[in-house]
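We will go stop by stop, with something to select at each one.

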Amino acid sequence: MTPDEIVQQLTSSYAVVIFSKSDCCMSVMVKHLIFTLGAGPKVVELDEHVNGSGIQDVLCQFSGTNQPIPAVFIGGKFIGGVDSLITYHLDNKLVPHLKEAGALWL
C-alpha cells in the first residue's frame with residue numbers, strides 16, 4: 001500500500017485519526033485533548049511506522065507546510081494541527097464535530 005493509500009484507508013475507517021510523533025510535545029497535547037473529551041482516536045506514530053516518512057510527505061500536501069505533525073482528521077476530513085484543533089475547541093465546534101463523526105456518543 002502506498003503512503004497516500006494508507007492515509008486514505010485510515011481516515012475513512014476511523015472517526016478520528018491523529019498522525020503524530022512520539023517525541024512531539026504538540027502531538028502529546030492534541031492526543032490529550034481528544035482523549036480528555038472522551039474520544040478514542042486512531043493514533044499513528046510516524047516515527048514508529050514503517051512508512052512514516054512517506055505518510056508525512058502526504059500530510060504535507062494536506063497542510064501546505066513542511067511541519068504537518070500533528071495532523072488531525074475527524075470524520076474523514078482534515079482538520080489541521082494543534083492551532084486548528086484548539087480554535088475548534090474554543091469556538092465550541094470540536095465536540096459537535098466529534099459527535100457528528102461518531103467519535104462521541106453523549
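On this tour, buried means under 20% relative accessible area, exposed means over 50%, and partly exposed is in between (1.4 Å probe, protein chains only). This is a predicted model, where local features need pLDDT of at least 70, side-chain atom pairs count only at pLDDT 80 or more, and totals for chains, interfaces and linings use all residues. Residues are numbered from 1 along each chain as its sequence is written, and side-chain values use heavy atoms, with hydrogens and water left out.

**Stop 1: His 97**

Select His 97, which lies in helix H5. Helices (H or I, at least four residues) and strands (E, at least two) are DSSP runs, numbered from the N terminus. His 97 has a relative accessible area of 15%, so it is buried. Now show its contacts, meaning heavy atoms within 4.5 Å. Leaving aside neighbours within four places in sequence, His 97 touches Ile 74, Ile 79 and Tyr 88.

**Stop 2: Asn 92**

Step back to Asn 92, in the loop between H4 and helix H5 (94-101). Is Asn 92 buried or exposed? Its relative accessibility is 63%, so Asn 92 counts as exposed. Check the backbone too: phi of Asn 92 is near 60°, a positive value in a residue other than glycine. Most residues other than glycine have a negative phi, and most peptide bonds are trans.

**Stop 3: H2 against H4**

Select residues 25-36 for helix H2 and residues 82-90 for helix H4; their axes come within 10 Å and cross at roughly 30°. Axes here are lines fitted to C-alpha atoms, for helices over the stretch in contact, and angles run from 0 to 180 degrees between N-to-C directions. H2 is therefore roughly parallel to H4; angles under 35 degrees count as roughly parallel, over 145 as roughly antiparallel, 65 to 115 as roughly perpendicular and the rest as oblique. For the side chains, show Met 26, Met 29, Val 30, Leu 33 and Ile 34 of H2 with Val 82, Leu 85, Ile 86 and His 89 of H4.

**Stop 4: H1 against H3**

Next, display H1 and H3, which pack at an angle of about 70° with their axes 8 Å apart. That angle makes H1 roughly perpendicular to H3. On the H1 side, pick Pro 3, Asp 4, Ile 6, Val 7 and Gln 8; they meet Gly 54, Ile 55, Val 58 and Phe 62 in H3.

**Stop 5: along H3**

Stay with H3 and colour its buried residues: Gly 52, Gly 54, Ile 55, Gln 56, Val 58 and Leu 59. Their cover includes helix H1 (3-13), strand S1 (16-20) and strand S3 (71-74). A cis peptide bond joins Ile 69 to Pro 70, with omega about 0°.

**Stop 6: Phe 19**

Finish at Phe 19, in strand S1. At 0% relative accessibility, Phe 19 counts as buried. Which residues is Phe 19 in contact with, leaving aside its neighbours within four places in sequence? Among them are Val 7 and Leu 10, Ile 55 and Leu 59, and Ile 69 and Pro 70. Draw a C-alpha to C-alpha distance from Phe 19 to Leu 59: they are 40 residues apart in sequence and 8.6 Å apart in space.
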